[in-house]
Amino acid sequence: MARRSSGGDISYRLVLGLLSGIALLILITPVIVVLITSFTDSRSLRFPPPALSLRWYRSLFDPIQSAQIHTAAWNSVVVAFCSTTVAVVLGTAAALAIAGRRTWWAQALDAVFMSPLVLPTLAFGLAALMFFSTLGLPLSVPLMIVGHVAVIVPFILRTTIASLSQLDSGLLDTSASLGAGAFYTFRRVTLPVIRPGILAGAFIAFMASLDNVSVSLFLAGPETDVLPIRMWSMLESTLDVRTAAVSGVLIFSTALLVVIMDRVVGLTRRIS
Amino acid sequence: MVQYAKFAGDAFNWSVLGQTLLLGVKTVALTACIGVPLGLLFMEAPRRLQPILLFVIVLPLLTSVVVRTFAWIVILGREGLINYALLNLGLVAAPLRLLHTELGLVVALSQIEMPLMLLPLISVMSRLDPNLKDASAALGAGRWRTLFRVTLPLSLPGLLAGCLLVFASSVTAFVSQTIIGGGRMVLMPFYIWQQATTLFNWPFAATISMILLVSVLAVVTTLNALGRRSRALANG
């Protein structure tokens, strides 16, 4: 009996170890491969690269050669920054109204706000395009911001509702009974408690906007090119090696942002 | 309703829808097969290693979708990592065609979506009472039996939540589908985009998106209902 169970023990460990090994390999390899490829000297995406150089980074930072990429990257940052700011205000307000309520409308609103997380946002992108063109509005950066707000609000809503649930309602009553107005209570009691939640949500929302394809795909035009769409067309048409350099820059800047955010709000704890 | 009749009347449309949903199912299956063991490993790992493992797990989330897709082009390409390894080991004589195949797409998508499976799974697993496993072992159950009779049923809500997220995002992963899947594989997101922006057939594009939306909604609602039932079971 003991022998049999130890046989099962070994096979359990073996299978578990093997499958998680594959999972870890699949998770880590791509990032390393991109980083190495971005330093290639070759014109093709051969891996491993025949020689290493910084030529694609040089080409990427060249203001004339890569003007289109620079415009797209700038647009992306502007859109991500503005839409996050708007989404933080709307998302926090919505979270305050919804959190802790069990009424049917709060539940319904919660479902509506969360729907972009599971439903195809591609449909929303198309709808936004059709809506704006019915109104006769030409594609522009402000319209892109409006489109992004709708799909990034859920991230802020989720983390803010989670941190609101940690707010002791006794604190609010105490503040009110001490004569503080609703706004004063919000500023001095509620906000400090939920600030880490809002910041974590804002960070995820910012990244989601920067990375958004489904909405940008329909709202991006020659004037409103954004980075993911530009990179997509670079890959789609010519397999441009500069994409590797763009990816390298993105990976480094994200890593830097994550370290900063982790210091400020303990991001990794909050995502899980 | 003319547009819906047009969609229903053409077998091509049905095959596009079927292939798209099937892609979602295959990706979910692969992510679950390697995600669950990794989740179990995470729970058994020493406390010191857990933050490092968690970092590796969220790593894909922190790189852009386009970057992740690009990585897989380099890995799966004719002159890519896998072909390089296979050729040098003498396992194949000529480079294999891996890019623009469904297998390549499913593997790439499972990396791209893995965090969506693991985060809910780990959050449920870490709430399980560790005494249950010891109790099961004390009662003479082997580790396999404990896994299938105790740990997995109790982690089902997390697993289902993970499956839901992976399914929903893999059927709409436009960039990965068009670049790794290639032009020969027509899937719903590409079909919508093509009808809307190159053919300017907005009514039909809207019809296709509604059909995709409703199909995903149906799958999501089913999984949600299963999730509620499994939670009820798990809570006794």
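Q: In which helix is A:Ala106 found?
A: In this predicted model, A:Ala106 belongs to helix H4 (residues 104-114) of chain A.

Q: Is A:Ala106 buried, partly exposed or exposed?
A: The general idea is to count neighbours: 20 or more other C-beta atoms within 10 Å make a residue buried, and 12 or fewer make it exposed. A:Ala106 has 15 such atoms within 10 Å, so it is partly exposed.

Q: Which residues does A:Ala106 touch, leaving out those up to four places away in sequence?
A: A:Ala106 touches A:Ile98 and A:Arg101. A:Ala94 lies 12 residues from A:Ala106 in sequence, and their C-alpha atoms are 9.6 Å apart.

Q: How far does helix H3 of chain A reach?
A: Compare the end-to-end span with the one expected at 1.5 Å a residue. Helix H3 (residues 67-98) of chain A has 32 residues and spans 45 Å from first C-alpha to last, close to the expected 46 Å. Just after H3(A), A:Gly100 has a positive phi of about 80 degrees.

Q: How many residues of each chain are in contact with the other?
A: Contacts join 62 residues of chain B to 50 residues of chain A. Helix H4 (residues 65-76) of chain B gives the largest share of chain B's side, 10 residues. That side has 47 nonpolar, 12 polar and three charged residues.

Q: Which residues touch the most other members of the largest nonpolar core?
A: In soluble globular proteins, nonpolar side chains tend to be buried together. Here the largest core has 137 residues, and those touching the most other members include A:Ile156, A:Ala205 and B:Ile73. Helix H6 (residues 102-125) of chain B supplies the largest share of this core, 15 residues. Among the residues that B:Ile73 touches are A:Leu45, A:Leu235 and B:Leu99.

Methods. Residues are numbered from 1 along each chain as its sequence is written. Chains are lettered from A and ligands numbered from 1 in the order in which they are written. This is a predicted model: local features need pLDDT of at least 70, side-chain atom pairs count only at pLDDT 80 or more; totals for chains, interfaces and linings use all residues. Two residues are in contact if their C-beta atoms, placed from the backbone, lie within 7 Å. Helices (H or I, at least four residues) and strands (E, at least two) are DSSP runs, numbered from the N terminus. Ala, Val, Leu, Ile, Met, Phe, Trp, Tyr, Cys and Pro count as nonpolar, Asp, Glu, Lys and Arg as charged, and the others, Gly among them, as polar. A nonpolar core is a set of buried Ala, Val, Leu, Ile, Met, Phe, Trp, Tyr and Cys residues joined through C-beta atoms within 7 Å. The expected span of a helix is 1.5 Å times one less than its number of residues.
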